[in-house]
Amino acid sequence: MRERRGAPVRHRLEDFVVGDCNRLAYSAALRMADGGASSYGVLFLHGVCGVGKTHLLQGLARHVRMKNPSARVRYTTGERFANEYIASVQNRTIDAFRKRYRGVDLLCVDDVHFIAGKRGTQAEFLHTFATLDLDGARVVLASDEHPKQIGDLQEAIVSRCVSGMVVGLEKPDRATRRAICLRLAQRRGLVLDESAVEALASLDACSVRDLEGAVMHLEACVNLLPDVVRVQDGVVDGALVRKVLGARRVVKPNRPYRVDEILQASCEVIGVEVSEVLGPSRHRRVVIARSICAKLAKQLTTHSYPEIAKLMHRPNHSTIITAHKRIDEQIAGGERVGGGAAGVGEWTVLEACERVSERLRSAR
C-alpha cells in the first residue's frame, strides 16, 4: 500500500479488539472512515495511554487509503506537526507545509496535546483546522485528556474540538482483556488453555500495552528458558502463566504509593542516588533504577504516564513507556542488575523489582 507521506501507519481497524470499554470510539472511527453525510466533521478520542487511540487513528487512516487510493490522507502526531511547522518557518517553506496539511481529505493527529503552550504552532493548527472545515474535510484527533482539560490549549481550538464527536476510551474490562490476550498470544504462536487465558486476564493490567508486555514476557520465557519453563504438549496453562508472571500480579495497596516513595526505594535497593535517576545519567544501574521506578509507578500509583514523566523529570511520557517496556524485556531475558551496591550483582532484574516492592511494603 502506498503511503501518503507523514508518520508511519502500522495498525489496522480489523485487528482492533472491541469491548464495552471502547465500542463507541470504534463505531465513531468506522463512521469517520466510511465518510458520507452521516460522518462527523471532527472526531476527538481521549483516554489514558495504551487504550487504543493510536490504533484507531492509524487504522482509520489505513482504511480510507485502502478504500479510496486517490484520497488525500495524512496521519501525524502533535510533535511532528509542531516540528515540521517550526522547520518550515526557519527554512521559509511555510507554503509547502500548508499545502501538505490543508490539502487533504482526512487529517489524523495523534497526541494533539503536544501543541499545548506553543503559541505559534497553535495559531497555525487553528488556521489548518478552519481551512479543512471550510473544505469539508474530516479531522480526527487523539489526546490523553478531554480537550477541555488540556492546559494551555487555545479556547478557539478547544471549541472546534468539542463541536464534533468527543469520545473517551476506558481501560480494558475483563472480557476485553481476555479477547486481547487471545489475539496477542495467537500472533506470537502461543497456544493457551482456558486457565491460561483467565490467568492473563486477571493480571493487574491497566492498558493494552501492559497486556502486550505480559504476553511478550511469557513468550520470551517459553522460548528462551525451555529448561526452566516447560510447556506440556505445546499448550500453556494457568499454572505456567502464574509461575512466569507472578511478579506482575501486583496487589495494589489501599492507599496508592507516591512516586517519590517508589523512587527512593528503587535507588536504595539498586544503590544509586535519587539525583542520578532524575538527571541525564545513562549509567546502566541508574537506567535500571529509573526503569523499575517507571514500572512500579504505573502499577502502584494512580498517575498516568505523562504525570509520572513530569514527577521523574523526564522530557515526555514516551520515555516512561520505553523504560517500562525495557524493564519487562530485561526481566523476560533473565538479565542481572550488575555490580555496584553490595550484593546487587547477584540479583536478576526481576529480583530487584521484587526487593523494591518488598521495601515499599515494609515501609508501611
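Q: How do I describe the way two packed helices sit against each other?

A: Two packed helices are described by the angle between their axes and the distance between the axes. Take α11 and α16 in this predicted model: their axes are 9 Å apart and the packing angle is about 125°. Angles of 65 to 115 degrees count as roughly perpendicular and those over 145 as roughly antiparallel, so α11 and α16 are oblique to each other.

Q: Which hand does the crossing of α11 and α16 have?

A: That crossing is right-handed.

Q: Which residues in α11 and α16 meet?

A: From α11 come Glu261, Ile262, Ala265, Ser266, Glu268, Val269 and Ile270, and they meet Ala352, Arg355, Val356, Arg359 and Leu360 in α16. Sort that contact by class and you get 7 nonpolar, 1 polar and 4 charged residues.

Q: Can we try another pair? At what angle do the axes of α7 and α9 cross?

A: Helix α7 covers residues 174-187 and helix α9 covers residues 208-224; their axes cross at roughly 45° and come within 10 Å. That makes α7 oblique to α9. This crossing is right-handed.

Q: And which residues make the contact of α7 with α9?

A: Look for Arg177, Ile180, Cys181, Leu184 and Ala185 in α7, meeting Val208, Leu211, Glu212 and Val215 in α9. By class, this contact has 7 nonpolar residues, 2 charged ones and no polar ones.

Q: Let's move on to the inside. How many residues does the largest nonpolar core have?

A: It has 37 residues, and the ones with the most contacts inside it are Ile262, Ile270, Val277 and Ile292.

Q: What does Ile262 touch?

A: Leaving out residues up to four places away in sequence, Ile262 touches Tyr257, Cys293, Leu296, Ala297, Leu300, Thr301, Val356 and Leu360. Apart from this core lies another one, of 25 residues, including Met32, Ala71, Tyr75 and Val167.

Q: Now the whole chain: how many helices and strands are there?

A: The protein chain has 16 helices and 5 strands. Of its 364 residues, 50% are buried.

Q: What share of the contacts with a separation of 6 or more joins residues 24 or more positions apart?

A: In the protein chain, that share is 73%.

Key:
Residues numbered from 1 in each chain as written. Predicted model: local features only at pLDDT ≥ 70, side-chain atom pairs only at ≥ 80, totals over all residues. Heavy atoms only, no water. Axes fitted to C-alpha atoms, helices over the stretch in contact; angles between N-to-C directions. Helix = DSSP H or I, 4+ residues; strand = E, 2+ residues; numbered from the N terminus. Parallel < 35°, antiparallel > 145°, perpendicular 65-115°, else oblique. Left-handed = near helix turned anticlockwise from the far one by under 90°. Contact = heavy atoms within 4.5 Å. Nonpolar A, V, L, I, M, F, W, Y, C, P; charged D, E, K, R; others polar. Core = buried A, V, L, I, M, F, W, Y, C linked by side-chain atoms within 4.5 Å. Buried < 20%, exposed > 50% of the residue type's maximum accessible area, 1.4 Å probe, protein only.
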